[in-house]
Amino acid sequence: MKHIEKFFLNSVIVIVALVAFIMISHIPIVDEVIDYFNPFISMRIDYAEVPKGTQDYRNIQAVDKDGHKLRYKLENFGGYDANQKYVVIKHKGQFVKHIDYIPKSKMPVTED
């Protein structure tokens, strides 16, 4: 019986350590998955200016509809038009569900 208790205790310790490691390490794909399943984060729509000439967007500062910067940057998401500069982003934390390109006139005025 003691072997079963030791095995169970060791298994719990390993699982807790693994979950703690995943939660404190900032691996973009892990952050996306965690945010996707996190029930305390809601889906939201924000806006951003992205670099031209690429479809791989990294460390993008987004703003809400009132022009306030988010407390965090979107670490990594992809686009489909390298010639566009402004996007509306539907996301849940680091998990980006969808983006649409918009004209500059649709961008909110940012507050610095």
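Start by selecting Arg-44: with 32% relative accessibility, Arg-44 counts as partly exposed (buried means under 20% relative accessible area, exposed over 50%, partly exposed in between, with a 1.4 Å probe and protein chains only). This is a predicted model, where local features need pLDDT of at least 70 and side-chain atom pairs count only at pLDDT 80 or more, while totals for chains, interfaces and linings use all residues. Residues are numbered from 1 along each chain as its sequence is written, and side-chain values use heavy atoms, with hydrogens and water left out.

**Salt bridges**

Asp-46 counts as buried because its relative accessibility is 0%. The structure holds three salt bridges.

Next, select Lys-85 and Glu-49. Their closest N and O atoms are 3.3 Å apart, in another salt bridge. Lys-85 lies in the loop between strand 4 and strand 5, and Glu-49 in strand 1 (residues 44-49), so the pair ties together parts that are 36 residues apart in sequence. Strands are DSSP runs (E, at least two residues), numbered from the N terminus. Both ends are partly exposed: Lys-85 at 32% relative accessibility, Glu-49 at 43%.

Now pick Asp-56 and Arg-58. Their side chains form a salt bridge at 3.1 Å, N to O. Asp-56 is partly exposed, with a relative accessible area of 37%.

**The cores**

Select Tyr-57, Phe-77, Val-87, Ile-89 and Ile-99. Of the 13 residues in the largest nonpolar core, these touch the most other members. Such a core is a set of buried Ala, Val, Leu, Ile, Met, Phe, Trp, Tyr and Cys residues joined through side-chain atoms within 4.5 Å. Color strand 2 (56-60), strand 4 (74-78), strand 5 (86-92) and strand 6 (95-101): each supplies at least two residues of this core. The largest share, three residues, comes from strand 6.

Zoom in on Val-87. Among the residues Val-87 touches, not counting those up to four places away in sequence, are Asp-46, Tyr-47, Ile-99 and Met-107 (contact means heavy atoms within 4.5 Å). A second, separate core of six residues includes Tyr-47, Val-63, Tyr-86 and Ile-102.

**A last stop**

What lines the second largest pocket? Select Ile-41, Ser-42, Arg-44, Leu-70, Arg-71, Tyr-72 and Gly-93 to see its lining. A pocket is an open set of points on a 1 Å grid over the protein atoms alone where a 1.4 Å probe fits, with protein on both sides within 12 Å along at least five of seven lines; lining residues have an atom within 4 Å of a point.

How values were computed
Helix = DSSP H or I, 4+ residues; strand = E, 2+ residues; numbered from the N terminus. Salt bridge = Lys/Arg side-chain N within 4 Å of Asp/Glu carboxyl O.
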